Amino acid sequence: MTFLSALCVAATLYGEARDQPVDGQIAIADVIATRVASPRYPDSACDVVFARRQFAPAHTFDEPAALARALSIAFSEDTLGVEATHFHSGPPPYWAASFTLAGEIGDHTFYMETPR
């Protein structure tokens, strides 16, 4: 992973899940990697992260420890092996019924695209 890609992933982990367990942050990094590997999504982590209405990357960083953890996860090779392409926190959004539930970690629920 390039340094720029890692920064994009870290900004997303910080913005989406800085208060979540490490496994939840790794799962979100996995979602980004799964999308990058798929022909249905952009080919770079930054393009995936900044696609319209997909992720909420942080633009300011006021918790140094959480940022350091996010950067560490972004640069690591650790994965959970879940091939999820989507996640949410809170009540299920309208699109959740059309995806396959992959699991829950912390406040986030993860989904895989349903084969058609």
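**Close-up views of the predicted model**

**View 1. The β2-β3 hairpin, in a predicted model.** Strands β2 and β3 build a hairpin with two residues between them, and G106 in that turn has a positive phi of about 60°. This is a predicted model, in which local features need pLDDT of at least 70 and side-chain atom pairs pLDDT 80 or more, while totals for chains, interfaces and linings use all residues. Residues are numbered from 1 along each chain as its sequence is written, and side-chain values use heavy atoms, without hydrogens or water. β2 and strand β3 (residues 108-113) run antiparallel and are joined by six bridges. Within this pairing, I105 stands opposite H108 in β3. Helices (H or I, at least four residues) and strands (E, at least two) are DSSP runs, numbered from the N terminus.

**View 2. The open sheet, with order β1-β3-β2.** Three strands make up this open sheet, and their pairing is antiparallel (two strands pair if DSSP finds at least two bridges between them). Its edge strands, each pairing on one side only, are β1 (86-89) and β2 (99-105). On average, neighbouring strands are turned by 25° against each other, direction ignored. On the β1 side, four bridges link β1 to β3, and these two strands run antiparallel. Look for S89 here: its bridge partner in β3 is H108.

**View 3. Helix α2 lying across the sheet.** α2 lies across β1, β2 and β3, and it runs at about 25° to β3. Axes are lines fitted to C-alpha atoms, for helices over the stretch in contact, with angles from 0 to 180 degrees between N-to-C directions.

**View 4. Where α2 meets α4.** Helix α2 (residues 22-37) and helix α4 (residues 64-75) have axes that come within 10 Å and cross at roughly 50°. That angle makes α2 oblique to α4 (under 35 degrees is roughly parallel, over 145 roughly antiparallel, 65 to 115 roughly perpendicular, the rest oblique). The crossing of α2 past α4 is right-handed (near helix turned clockwise from the far one by less than a right angle; left-handed if anticlockwise). From α2, V22, Q25, I26 and A29 meet R69, A70 and I73 of α4 (contact means heavy atoms within 4.5 Å). Sorted by class, this contact holds five nonpolar, one polar and one charged residues (Ala, Val, Leu, Ile, Met, Phe, Trp, Tyr, Cys and Pro are nonpolar; Asp, Glu, Lys and Arg charged; the others, Gly among them, polar).

**View 5. Where α1 packs on α4.** The axes of α1 and α4 are 8 Å apart, and the helices pack at an angle of about 130°. They are therefore oblique to each other, and α1 passes α4 in a right-handed crossing. On the α1 side, the contact is made by F3, A6, L7, V9, A10, L13 and Y14. Facing them in α4 are A66, L67, A70, L71, I73, A74 and F75. By class, that gives 14 nonpolar, no polar and no charged residues.

**View 6. The disulfide between C8 and C46.** The structure holds one disulfide (a pair of cysteine sulfur atoms within 2.5 Å). The bond joins C8 to C46, with an S to S distance of 2.0 Å. C8 belongs to helix α1 (residues 3-17) and C46 to helix α3 (residues 45-49), so the pair ties together parts that are 38 residues apart in sequence. Check the torsion too: about the S-S bond it is about 95°, so the disulfide of C8 and C46 is right-handed.
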